[in-house]
Amino acid sequence: TFERILINMSKTSLQLLLFIIFLSKDVQAFHDTSLWLGAEYTPAAAPGNSLWWQWFEDYEPSVKRELYFAHERLKITTIRVFLHTLVFKENSSRLLNNMDTFLSIADGNNISVGFVFFGDCFNTVGANLSSQCIPVKGRHNGCWMTSPQENERNQGYLPFQAFITETITRFKTDSRVKWWEIFNEPHGAWSLGLRNQGVVNHCSTAPLCKSTLLFSSYGQRQSTPLLPSYPVGMIITTQTL
């Protein structure tokens with residue numbers, strides 16, 4: 001059977017088979033993707049979800065190749081991409097310029113982008129901008145770093161204001177950006193407070209932020225207003241999703 005063949009194949013052969021299937025013009029016959037709207041995106045070779053921006057130039061060729069195939073073969077039209085506080089703090093203008101390049105690549109493939117500022121998954125310590133994280137075999141999301149890290153959370157919310165306001169000011173009229181997501185899966189009072197303050201900072205920067213969508217950790221849409229004890233993320237957009 002097909003399953004037995006896969007079990008007996010070497011890892012290299014299996015990767016080659018999957019690559020051939022992905023490149024095939026008949027990929028939709030293998031799995032129907034016609035109703036897919038979007039996906040969360042990280043470059044395939046990146047060890048984590050957000051710090052790869054520090055090495056954007058190294059990943060740029062992969063981004064061009066992968067977003068082309070994402071739309072051409074899988075018909076993806078929207079992607080969700082994580083940012084990180086440390087990359088902005090290290091060199092904000094460089095990050096914003098790289099985001100602009102990324103948006104141009106995505107737009108050239110008819111893909112729009114939603115960006116995520118903060119997130120509480122998974123590792124609260126260990127983010128490093130000097131060298132990339134090395135994955136540990138068998139450890140789930142061992143290189144996925146929270147944004148901000150634990151050692152950034154001892155000076156209140158003010159240090160993160162520029163991250164939101166400068167980024168949104170740069171792109172607030174940019175049609176390539178589908179939404180701004182303030183916080184992914186906030187855990188606890190401090191994170192919920194940063195999420196709420198982030199919403200205030202965003203709305204002071206882009207007064208048209210009147211359409212809001214709330215999602216729980218499990219993706220359920222909520223129609224209720226923000227509740228301090230409820231673990232929701234927040235997406236703000238002026239467009240229809």
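User: Which residues in H7 are buried?
Analyst: In this predicted model, the buried residues of H7 are Phe163, Ile164, Thr165, Thr167, Ile168 and Phe171.

User: Take H6. At what angle do H6 and H7 pack?
Analyst: Helix H6 (residues 92–108) and helix H7 (residues 161–171) pack at about 40 degrees, and their axes are 11 Å apart. That angle makes H6 oblique to H7.

User: Left-handed or right-handed crossing?
Analyst: The crossing of H6 past H7 is right-handed.

User: Which residues meet there?
Analyst: From H6, they are Ser92, Leu95, Leu96, Asn97, Met99, Asp100 and Leu103. From H7, they are Phe163, Glu166, Thr167, Arg170 and Phe171.

User: And by class, how many of each?
Analyst: The contact of H6 with H7 has 6 nonpolar residues, 3 polar and 3 charged.

User: Glu166 is on that list. Buried, partly exposed or exposed?
Analyst: Glu166 counts as partly exposed, because its relative accessibility is 38%. The residue sits in helix H7.

User: What does Glu166 touch, apart from its neighbours in sequence?
Analyst: Leaving aside neighbours within four places in sequence, Glu166 is in contact with Phe88, Ser92 and Leu96.

User: How far is Ser92 from Glu166, C-alpha to C-alpha?
Analyst: Those C-alpha atoms are separated by 8.6 Å. Along the chain, Glu166 and Ser92 are 74 residues apart.

User: Switching to salt bridges. How many are there?
Analyst: The count comes to 8 salt bridges. One of them joins the side chains of Glu181 and Arg80, at 2.7 Å from N to O.

User: Where do Glu181 and Arg80 lie in the chain?
Analyst: Glu181 is in strand S4 (residues 177–184) and Arg80 is in strand S2 (residues 78–82). The pair links distant parts of the chain, 101 residues apart.

User: Buried or exposed, those two?
Analyst: Glu181 and Arg80 are both buried. Glu181 and Arg80 also belong to a network: salt bridges with shared partners join them and Glu40.

User: What about Asp174, which residue does it pair with?
Analyst: Asp174 forms a salt bridge with Arg176, with N and O 2.6 Å apart. Asp174 and Arg176 are both buried.

User: And Arg73, what is its partner?
Analyst: Arg73 forms a salt bridge with Glu72, and the closest N and O atoms are 3.7 Å apart.

User: How accessible are Arg73 and Glu72?
Analyst: Arg73 is buried, with a relative accessible area of 16%. Glu72 has a relative accessible area of 33%, so Glu72 is partly exposed.

User: Why do such side chains pair at all?
Analyst: Side chains of opposite charge can pair when their charged atoms come close.

User: Now the whole chain. How many helices and strands?
Analyst: The protein chain has 8 helices and 7 strands.

User: What share of the residues is buried?
Analyst: Buried residues make up 43% of the 241 residues.

User: And the contacts, what share join residues at least 24 apart?
Analyst: Among contacts between residues at least 6 apart in sequence, the share is 74%.

Methods:
Residues are numbered from 1 along each chain as its sequence is written. This is a predicted model: local features need pLDDT of at least 70, side-chain atom pairs count only at pLDDT 80 or more; totals for chains, interfaces and linings use all residues. Side-chain values use heavy atoms; hydrogens and water are left out. A salt bridge is a side-chain nitrogen of Lys or Arg within 4 Å of a carboxyl oxygen of Asp or Glu. Buried means under 20% relative accessible area, exposed over 50%, partly exposed in between (1.4 Å probe, protein chains only). Helices (H or I, at least four residues) and strands (E, at least two) are DSSP runs, numbered from the N terminus. Axes are lines fitted to C-alpha atoms, for helices over the stretch in contact, and angles run from 0 to 180 degrees between N-to-C directions. Angles under 35 degrees count as roughly parallel, over 145 as roughly antiparallel, 65 to 115 as roughly perpendicular and the rest as oblique. A crossing is left-handed if the near helix is turned anticlockwise from the far one by less than a right angle, and right-handed if clockwise. Contact means heavy atoms within 4.5 Å. Ala, Val, Leu, Ile, Met, Phe, Trp, Tyr, Cys and Pro count as nonpolar, Asp, Glu, Lys and Arg as charged, and the others, Gly among them, as polar.
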